[in-house]
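Here is a short briefing to read beside the model. Keep the sequence and the structure in view as you go through the points.

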Amino acid sequence: MSAGVEPDSSGRPAFPLFHQPFTLNGFFKYFPENNDSLTINITTFNNGTTIGTGRFACDSMVADYTPFVIPIQYILSLLVPDSGFLEILPTTDTVNGISRFFIDALSFDGFANADTVIIDA
């Protein structure tokens, strides 16, 4: 799963940004099969040039919604991003099984309504 207009827009600017975020935050559950790993990548751009990146990986089962914080490291810290790209991969490079993940309440620089998003049906 990737955030963008086209499914093949991997690694290109996909959504607008109007400030310099320092973290990507959210909640996740993950049910891997056969040694799969969940990976979340965030990239920020200025005029199409990568200026910041962050990565989160998990290779074990997480049955309850759990918060994550991905620090965004800036290569060119004086530039403000104008766009970003978010990629969520439920598996390693080789599909090993039918791994499942749930992502909720994504936000930049803090948690959005953290008291109300953790709902387990």
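A charge sits over a ring if NZ of Lys or CZ of Arg is within 6 Å of the ring centre and within 35 degrees of the ring normal. Lysine 29 meets this over the face of phenylalanine 102, at 5.4 Å from the ring centre. This is a predicted model, in which local features need pLDDT of at least 70 and side-chain atom pairs count only at pLDDT 80 or more, while totals for chains, interfaces and linings use all residues. Residues are numbered from 1 along each chain as its sequence is written, and side-chain values use heavy atoms, with hydrogens and water left out.

**Overall make-up**

- The protein has one helix and nine strands. Helices (H or I, at least four residues) and strands (E, at least two) are DSSP runs, numbered from the N terminus.
- Along the sequence the pattern reads β-β-β-β-β-β-β-β-β-α.
- Of the 121 residues in the protein, 39% are buried. Buried means under 20% relative accessible area, exposed means over 50%, and partly exposed lies in between (1.4 Å probe, protein chains only).
- Take the contacts between residues at least 6 apart in sequence: 79% of them join residues at least 24 apart. Contact means heavy atoms within 4.5 Å.

**The β6-β3-β9 sheet**

- Three strands form an open sheet in the order β6-β3-β9, with antiparallel pairing. Two strands pair if DSSP finds at least two bridges between them.
- The edge strands are β6 (62-71) and β9 (100-108), and each pairs on one side only.
- On average, neighbouring strands of this sheet are turned by 20 degrees against each other, direction ignored. Axes are lines fitted to C-alpha atoms, for helices over the stretch in contact, and angles run from 0 to 180 degrees between N-to-C directions.
- Seven bridges join strand β3 (residues 23-31) to β9, and the two run antiparallel.
- Lysine 29 has phenylalanine 102 in β9 as its bridge partner. The charge of lysine 29 also lies over the face of phenylalanine 102.
- Arginine 100 places its charged end over the ring of phenylalanine 31, 4.8 Å from the ring centre.

**Strand β8 and its partners**

- Strand β8 (residues 83-89) has six of its seven residues buried, so it is largely enclosed by the rest of the structure.
- Strand β4 (residues 38-46) runs antiparallel to β8 and is joined to it by seven bridges. Here threonine 43 stands opposite phenylalanine 85.
- Strand β2 (residues 15-16) is also antiparallel to β8, with two bridges between them. Phenylalanine 15 has glycine 84 as its bridge partner in β8.

**Nonpolar core**

- In soluble globular proteins, nonpolar side chains tend to be buried together.
- The largest nonpolar core has 16 residues, and those with the most contacts inside it are Phe28, Ile40, Phe56 and Ile70. Such a core is a set of buried Ala, Val, Leu, Ile, Met, Phe, Trp, Tyr and Cys residues joined through side-chain atoms within 4.5 Å.
- The elements giving two or more residues to this core are β3, β4, β5 (49-58), β6 and β8.
- Beyond its neighbours within four places in sequence, phenylalanine 56 is in contact with Phe28, Leu38, Thr39, Ile40, Phe68 and Ile70.

**Aromatic pairs**

- The structure holds six aromatic pairs. Rings of Phe, Tyr and Trp (its six-membered ring) pair if their centres lie within 6.5 Å; planes under 30 degrees apart count as stacked, over 60 as edge-to-face and the rest as tilted.
- Phenylalanine 27 and phenylalanine 111 have ring centres 5.2 Å apart and planes at 50 degrees, so this pair is tilted.
- Phenylalanine 27 lies in strand β3 and phenylalanine 111 in the loop between β9 and α1 (114-117), so the pair ties together parts 84 residues apart in sequence.
- Phenylalanine 27 is buried at 4% relative accessibility, whereas phenylalanine 111 is partly exposed at 34%.
- Phenylalanine 56 and phenylalanine 68 have ring centres 5.4 Å apart and planes at 25 degrees, so this pair is stacked.
- Phenylalanine 56 sits in strand β5 and phenylalanine 68 in strand β6, 12 residues apart. Both are buried.
- Ring pairs link Phe28, Phe56 and Phe68 into a cluster.

**Positive phi outside glycine**

- Asparagine 47 is not a glycine, yet has a positive phi of about 50 degrees. Asparagine 47 lies in the loop between β4 and β5 and is exposed, with a relative accessible area of 68%.
- Alanine 105 also has a positive phi, near 55 degrees. Alanine 105 lies in strand β9 and is buried, with a relative accessible area of 17%.
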